[in-house]
Amino acid sequence: MSSDTNVLNEDFSLEALQSGDRAEFARLVDAYYTVIYRLALKISGNPQDAEDILQETFIKAYKHLSGFNGRSKISTWLYRIATNEALMLIRRQKPGFISIDEPVENTEAEQGPLQIEDWCCLPEKELLSSEAQVYLDKAIDKLPTSLRVVFVLRDIQGLSTLETAEVLDLSETAVKTRLSRARLRLREDLTHYYSEHLFHRPVPEGGRN
C-alpha cells in the first residue's frame, strides 16, 4: 500500500519553524493533517480519539520544534509524536496494554499451520470491494497493538523499514519480524472471508453441464 506522504515535499524551513513562524507551521499542518489523522485512526480505531491524537500531535510539535535537530525527516518526527500519543491513549484506556518495545512473542516459537487460501482466482472487483475493505479494517483492528502499529506505518502509511524503526525506537530486525507476523495474521484472517467468495458464489446460468 502507498501513502500520501510519499508525494509530500520536505521543503519546510526549519529555521522559520523553530523561530515560531506561524505561517510556516500552518503549511506544515496543512501538509500532514490528513495523513496524521489517518495514522491516528488506524491505530486507535476511534474517530474521536483520532481527533484528540491529531490535536495533541501538532500542539506538541509546535512546543518542541526547538528540540528537533533535523537529522530525520519532519514527517518521521511527526509520525513518532502521533504514534506515541496514540499508544499513551491506548495505555490509559487499556491498563493491560503491552508496550510497543516489549517482545511480542518468542520469534523462534513454533506456529500452528496457517489456513491460507489462494486468492488468485478472485475477480479484482471483489478484492477491491467496499465490503472487503470493511473486513480488512476489522482484521487490522484485531491485530495486537504492537503488530498493528508496525503494519499501519509500513503497509498503510508507506514508511520504510528504517523510518518505522526510527518512529517506534525499534531495531529494523524487530520491525521486519513484527510486520511479517502482522501480514501472516491478516492473511489467515482474510482467508475466511475470501474462501466464502471463492466457494459460495452463485454459479452463473449455463455454468453447469
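The side chains of lysine 142 and aspartate 189 form a salt bridge with an N to O distance of 3.0 Å, the term denoting a side-chain nitrogen of Lys or Arg within 4 Å of a carboxyl oxygen of Asp or Glu. Lysine 142 belongs to helix α6 (residues 130-142) and aspartate 189 to helix α9 (residues 172-199), so the pair links parts that are 47 residues apart in sequence. The model is predicted: local features require pLDDT of at least 70, side-chain atom pairs count only at pLDDT 80 or more, and totals for chains, interfaces and linings use all residues. Residues are numbered from 1 along each chain as its sequence is written, and side-chain values use heavy atoms, with hydrogens and water left out. Helices are DSSP runs (H or I, at least four residues), numbered from the N terminus.

Lysine 142 is exposed, at 61% relative accessibility, whereas aspartate 189 is buried, at 14%. In these terms, buried means under 20% relative accessible area, exposed means over 50%, and partly exposed lies in between (1.4 Å probe, protein chains only).

Seven salt bridges are found in a search of the whole structure. Side chains of opposite charge can pair when their charged atoms come close. The table sets out three of these pairs, including the one already described.

| aspartate 189 | lysine 142 | 3.0 Å |

Aspartate 155 is buried, with a relative accessible area of 12%, while arginine 183 is partly exposed, at 41%.

Glutamate 163 is in helix α8 and lysine 73 is in the loop between α3 (47-64) and α4, so the pair connects parts that are 90 residues apart in sequence. The relative accessible area of glutamate 163 is 16%, and the residue is buried; lysine 73 is partly exposed, at 44%.

Two packed helices are described by the angle between their axes and the distance between the axes. The axes of α4 (residues 74-93) and α8 (residues 161-168) come within 8 Å and cross at roughly 45°. Axes are lines fitted to C-alpha atoms, for helices over the stretch in contact, and angles run from 0 to 180 degrees between N-to-C directions. The two helices are therefore oblique to each other, a class left after angles under 35 degrees (roughly parallel), over 145 (roughly antiparallel) and 65 to 115 (roughly perpendicular). Thr76, Tyr79, Arg80 and Thr83 in α4 meet Glu163, Glu166, Val167 and Leu168 in α8, where contact means heavy atoms within 4.5 Å. These residues comprise three nonpolar, two polar and three charged.

Tyrosine 135 is located in helix α6 and is partly exposed, at 27% relative accessibility. Apart from neighbours within four places in sequence, tyrosine 135 contacts Asp189, Leu190, His192 and Tyr193. The C-alpha atoms of tyrosine 135 and aspartate 189 are separated by 9.4 Å, with the two residues 54 residues apart along the chain.

Aspartate 169 occupies the loop between α8 and α9. Its phi is near 55°, a positive value in a residue other than glycine. Aspartate 169 is exposed, at 57% relative accessibility.

How values were computed:
Nonpolar A, V, L, I, M, F, W, Y, C, P; charged D, E, K, R; others polar.
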